[in-house]
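Visitor: I would like to learn how to read a model like this one. Please show it to me, and then we can go through its features.

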Amino acid sequence: MVNGATEPATHGHRLFAATYDWLNRSVERRVLGPMRSALVGGATGRVLEIGAGTGANFPYYEPARVTSVVAIEPDPYMIRRALKRATAARANVEVRQLSAERLPFPDATFDTVLATLVLCTVADPDRALREMRRVLVPDGSLRFIEHVRAPGGLAALIQDTLTPLWRRVGAGCHLNRRTVEAIEAAGFEIVELEVRHFRYSPTHTLVAGIARSRLTPGPSPSPGS
Ligand SMILES: C[S@@+](CC[C@H](N)C(=O)[O-])C[C@H]1O[C@@H](n2cnc3c(N)ncnc32)[C@H](O)[C@@H]1O
């Protein structure tokens, strides 16, 4: 279902939504599908999915592990597609039109927060991450797949140069966000991280991982301190 009462003012990206699955079909089959299967398949309990898009993760939720999924997404054109996948999903998935920066849920509501290919796009990723941490139970986990800024060199320079144009054609997507660092700065500790590089792709560096809340927010202490 879509909860209209909390609808943010958004006009959405009709063309981006209409072409998203088609444009991604090859990378989905080769790369993202297996990554989603592992990461989403491990989600447990009450799940909050951030920026669900067309619902590409929905088929991977395991009903035996997941109690319920609340999938938030601000773009009405994406939501239209996500609703079809929610109906077909094996787990109980509710789609709500919301933005990650202001989550209308009490503290410690969810056991798992899932974010895939979304922190590149949200307007204020630091605020969104703080909200994700707030709504997670203290021993809950943030599971993520994100493309991030390349570690340096020509790839990072190309990403910095391309990002202003990329944002316009990619519905706000940034090629060059330092998302792993942002996750840590929001008070999470990364407990698993897989990093993959795709040499000839603008989304050169893809990370997948699991993070848990640290007891106190802020960056991890450096070794030896
Ligand atoms: C590249 S798509 C990824 C969709 C999906 N998570 C996936 O893995 O295929 C990014 C999504 O983030 C959504 N988004 C943008 N700003 C957002 C925000 N502030 N809060 C939540 N989602 C947002 C977009 O509407 C879009 O559907």
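**Reading the fold**

Guide: Along the sequence, the chain runs α-β-β-α-β-β-α-β-α-α-β-β. That comes to 5 helices and 7 strands. Helices (H or I, at least four residues) and strands (E, at least two) are DSSP runs, numbered from the N terminus. This is a predicted model: local features need pLDDT of at least 70, side-chain atom pairs count only at pLDDT 80 or more, and totals for chains, interfaces and linings use all residues. Residues are numbered from 1 along each chain as its sequence is written, and side-chain values use heavy atoms, with hydrogens and water left out.

Visitor: What share of the residues is buried?

Guide: Buried means under 20% relative accessible area, exposed over 50%, and partly exposed in between (1.4 Å probe, protein chains only). Buried residues make up 50% of the 225 in the chain. The chain exposes about 11,300 Å², of which carbon and sulfur atoms supply 55% (Shrake-Rupley method, 1.4 Å probe; for residues, only the protein chains shown count as cover).

Visitor: Which residues of helix α3 are buried?

Guide: In α3 (residues 125–135), they are P125, A128, L129, E131, M132, R133 and V135. Note that E131 and R133 are on that list.

Visitor: What do the buried residues of α3 pack against?

Guide: Read packing through contacts, meaning heavy atoms within 4.5 Å. The partners are β1 (45–50), β4 (110–116), β5 (136–148), α5, β6 (188–197) and β7 (205–213).

Visitor: And across the chain, what percentage of contacts join residues at least 24 apart?

Guide: Take contacts between residues at least 6 apart in sequence. Of these, 71% join residues at least 24 apart.

Visitor: How many disulfides are there?

Guide: A disulfide is a covalent bond between the sulfur atoms of two cysteines. The test is a pair of cysteine sulfur atoms within 2.5 Å. A search of the whole structure finds 0. C120 is in no disulfide, and its nearest cysteine sulfur, that of C173, is 3.9 Å away. C173 is in no disulfide either. C120 is buried at 2% relative accessibility, and C173 is buried at 9%.

Visitor: Which residues other than glycine have a positive phi?

Guide: Two cases are A108, with phi near 55°, and A171, with phi of about 55°. A108 sits in the loop between β3 (93–96) and β4. A171 sits in the loop between α4 (153–169) and α5. A108 is partly exposed at 34% relative accessible area, whereas A171 is buried at 14%.

Visitor: Where is E181?

Guide: E181 lies in helix α5 (residues 179–185). E181 is partly exposed, at 45% relative accessibility. L83 is 98 residues away along the chain, and the C-alpha atoms of E181 and L83 are separated by 33 Å.
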